[in-house]
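Good morning, colleagues. Please look at the sequence and the structure as I bring them up.

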Amino acid sequence: MTDKRPSWDEYFLKVADVVADRATCDRGRSGCVIARNKRILTTGYVGAPSGMPHCDEVGHKFKEVTHEDGSSSQHCVRTSHAEENAIVQAAKLGVSIEGATLYCRMTPCYTCAKMIINAGIERVVCERDYHASEDTKSIFQKAGVALEIMNDEIQKYDKQ
């Protein structure tokens, strides 16, 4: 009897989970993989900019965001998101990510969604949904970026 091999999507999501082990903000501990033609192009994880103190060292830097429906949520702004770091890493190294697929823990935030569109990424695969993902879903649809969420469960973490 042999073990079932994971699909490519399952494989890259597992790699993104391992990348997340490097994350330095305990709220989201997220990782990201950008791949094309079954090959990893770049990775990124949640963390403060290079040389800056990390949440795990000095604590979070929270900002409260009020949404259109009047609800509010807390966001740590000390860190760059995993998707952002993967895209920046590609730019820094001169790696084209146009036409690629991005794999991540939860639906990207609206700011990361705009970067994903501008980078030419064609498809996003997430483990779970994000509590404030409606704007992302809308802009991806308008831009023609395919979004696949493997599990409809909303990603939960403290001070959401």
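The model before you is predicted, so local features need pLDDT of at least 70, side-chain atom pairs count only at pLDDT 80 or more, and totals for chains, interfaces and linings use all residues. Residues are numbered from 1 along each chain as its sequence is written, and side-chain values use heavy atoms, with hydrogens and water left out.

Let me begin with the salt bridges. By salt bridge I mean a side-chain nitrogen of Lys or Arg within 4 Å of a carboxyl oxygen of Asp or Glu. By this rule, the count is 8 salt bridges.

One of them joins the side chains of D56 and R29, at 3.0 Å from N to O. D56 belongs to helix α2 (residues 55-58) and R29 to the loop between α1 (8-19) and β1 (31-36), so this pair ties together parts that are 27 residues apart in sequence. Helices (H or I, at least four residues) and strands (E, at least two) are DSSP runs, numbered from the N terminus. How accessible is D56? D56 has 41% relative accessibility and counts as partly exposed; R29, at 30%, is partly exposed. For these classes, buried is under 20% relative accessible area, exposed is over 50%, and partly exposed lies in between, with a 1.4 Å probe and protein chains only.

A salt bridge also links R128 and E127, at 3.6 Å from N to O. Here R128 is partly exposed at 22%, whereas E127 is buried at 15%.

Within helix α5 (residues 134-143), E134 and K137 stand 3 residues apart, about one turn of the helix. Their side chains form a salt bridge of 3.8 Å, N to O. E134 is exposed at 57%, and K137 is partly exposed at 25%.

I turn now to helix packing. Which angle separates helix α4 (residues 110-118) from α5? The angle is about 15°, and the axes are 9 Å apart. Axes are lines fitted to C-alpha atoms, for helices over the stretch in contact, and angles run from 0 to 180 degrees between N-to-C directions. α4 is therefore roughly parallel to α5, a term for angles under 35 degrees.

The contact (heavy atoms within 4.5 Å) involves Y110, A113, K114, I116 and I117 of α4, together with D135, T136, I139, F140 and A143 of α5.

How values were computed: Angles under 35 degrees count as roughly parallel, over 145 as roughly antiparallel, 65 to 115 as roughly perpendicular and the rest as oblique.
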